[in-house]
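Hi everyone, thanks for coming.

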Amino acid sequence: MTSELLEVKTQAQLDACIAIRLEVFVEEQQVPVEEECDEYDKLEAPAYHVLLQQKGEYIATGRIKLLDELTAKMQRIAVRKSYRGQGIGRVLVLGMEQTARVHGVERSVLDAQCQAEGFYQSLGYVTISEEPFYDAGILHVRMEKKL
């Protein structure tokens, strides 16, 4: 199945990103809504949001937060439940990396849920945190990759 990655340009697209994140993080993983949405969830924020679309339906999203001119933090990576296990996460993350490169980013960092560490390693990320840490009540590790 062919998917199309869109860089978010409209409020309606941003609203779709947030809806997917609420479904995945707040409803499924019980992350408090006040921890899920923040000041980077605005069109004018120093971040890029992406949507993955398949057959006209938005199925996944991610946020690329600029840490500095050359470094971005991949965040809020979410695939709707009915689309998991089909390689969508891989397509999404690789698309996010390409979007970051277009904007001049050379290094990517992310905080991976521990259960997803192997997935990110398969995409070339290296764990750099010495110990797992909690974020929104879920164990994570910090990872990085040169783009």
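Before I name any pieces: helices here are DSSP runs of H or I with at least four residues, strands are runs of E with at least two, and both are numbered from the N terminus. Residues count from 1 along each chain as its sequence is written. What you're looking at is a predicted model, so local features need pLDDT of at least 70 and side-chain atom pairs count only at pLDDT 80 or more, while totals for chains, interfaces and linings use all residues; side-chain values use heavy atoms, with hydrogens and water left out.

Let's start with the empty space. Rolling a probe the size of a water molecule over the atoms shows where empty space is left. A pocket, on a 1 Å grid over the protein atoms alone, is an open set of points where a 1.4 Å probe fits, with protein on both sides within 12 Å along at least five of seven lines; lining residues have an atom within 4 Å of a point. The largest pocket holds about 800 Å³, where volume is the space filled by probe spheres set on the points, and points join across faces, edges and corners.

So who lines it? There are 34 lining residues, and F25, I77, A78, Q113 and Y120 lie nearest the centre. At least two residues each come from α1 (11-28), α2 (33-36), β4 (71-79), α3 (88-102), β5, α4 (117-122) and β8. The biggest contributor is β4, with 7 residues. By class, the lining has 16 nonpolar, 9 polar and 9 charged residues (Ala, Val, Leu, Ile, Met, Phe, Trp, Tyr, Cys and Pro count as nonpolar, Asp, Glu, Lys and Arg as charged, the others, Gly among them, as polar).

Now, keep Y120 in mind. Is Y120 buried or exposed? Buried, because its relative accessibility is 8%; the cut-offs are under 20% for buried, over 50% for exposed and partly exposed in between, with a 1.4 Å probe and protein chains only. Y125 is buried too, at 2%, and F119 is partly exposed at 28%.

These three form one aromatic cluster. Rings of Phe, Tyr and Trp (its six-membered ring) pair if their centres lie within 6.5 Å; planes under 30 degrees apart are stacked, over 60 edge-to-face, the rest tilted. That rule gives 2 aromatic pairs. F119 and Y120 have ring centres 4.9 Å apart and planes at 70°, so they sit edge-to-face. Y120 and Y125 are edge-to-face as well, with centres 6.0 Å apart and planes at 80°.

Y120 and Y125 turn up again in the largest nonpolar core: of its 25 residues, they touch the most other members, along with M74 and L92. A nonpolar core means buried Ala, Val, Leu, Ile, Met, Phe, Trp, Tyr and Cys residues joined through side-chain atoms within 4.5 Å. The largest share of this core, 5 residues, is from α3.

Last stop, β8 (residues 138-146). Strands pair if DSSP finds at least two bridges between them. β8 pairs antiparallel with β5 (residues 107-113) over 7 bridges, and 2 bridges join it to β6 (residues 126-127), again antiparallel. E144 in β8 is the bridge partner of V109 and also of V126. Then β7 and β8 make a hairpin with 2 residues between them, and A136 in that turn has a positive phi of about 55°.

That's my tour, thanks!
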